Amino acid sequence: MEHFGIVPIESMYVCTPVIAVNDGAGPTETVLDEETGFLCPANDDLAFANAAAILANDKSRQKRMGDACLLYT
């Protein structure tokens with residue numbers, strides 16, 4: 001239930017896609033799901049693992065999402 005959250009903004013500023021909980025005002029207002037990162041349901045370990053695996057295994061997607069991060073910060 002983060003009210004804003006500076007960590008996702010800092011991550012996006014350095015072109016790093018964010019993996020965050022799809023809850024609270026912070027991540028849902030700053031992270032665009034599947035564009036600048038992934039918003040995962042709370043308490044869903046598999047969703048977080050899948051998001052991390054996607055970014056780790058698809059470098060072109062990681063770069064594209066990272067580039068989008070900088071546009072939105």
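Modeller: Helices (H or I, at least four residues) and strands (E, at least two) are DSSP runs, numbered from the N terminus. Residues are numbered from 1 along each chain as its sequence is written. This is a predicted model, in which local features need pLDDT of at least 70 and side-chain atom pairs count only at pLDDT 80 or more, while totals for chains, interfaces and linings use all residues; side-chain values use heavy atoms, with hydrogens and water left out.

Colleague: In what order do the elements of the protein run from the N terminus on?

Modeller: The protein has four helices and two strands. From the N terminus on, their order is α-β-α-β-α-α.

Colleague: What is the radius of gyration of the protein, and how does that value stand against the globule rule?

Modeller: The radius is taken over C-alpha atoms, and the globule rule is 2.2 Å times the number of residues to the power 0.38. For 73 residues the rule gives 11 Å, and the protein is close to that value, so it is as compact as a globular protein of that length. Along its principal axes the C-alpha trace spans about 30 × 30 × 15 Å. The radius of gyration is 11 Å.

Colleague: What percentage of the 73 residues count as buried?

Modeller: Buried means under 20% relative accessible area, exposed over 50%, and partly exposed in between (1.4 Å probe, protein chains only). By this criterion the buried share of the 73 residues is 34%.

Colleague: Which residues of H1 are buried, and which elements are included in what covers them?

Modeller: Pro8, Ser11 and Met12 are the buried residues in H1. They cover an arc of only 95 degrees around the axis (taken from the directions from the helix axis to the C-beta atoms), which puts them on the same side of H1. The face turned away from that buried side carries the exposed residues Val7 and Tyr13. The cover of the buried residues includes S1, helix H2 (25–30) and helix H4 (59–72).

Colleague: Is Asn43 buried or exposed?

Modeller: Asn43 is placed in the loop between strand S2 (37–40) and helix H3 (45–57). Asn43 also has a positive phi of about 65 degrees without being a glycine. With a relative accessibility of 79%, Asn43 counts as exposed.

Colleague: Which residues does Leu32 touch, not counting residues up to four places away in sequence?

Modeller: Leu32 is found in the loop between H2 and S2 and is partly exposed, at 32% relative accessible area. Its C-alpha atom is separated by 18 Å from that of Ser60, 28 residues apart along the chain. With contact meaning heavy atoms within 4.5 Å, Leu32 touches Gly37 and Tyr72.

Colleague: What distance separates the C-alpha atoms of Leu71 and Cys15?

Modeller: Leu71 has its place in helix H4 and is exposed, with a relative accessible area of 70%. Leu71 and Cys15 are 56 residues apart along the chain. Their C-alpha atoms are separated by 9.1 Å.
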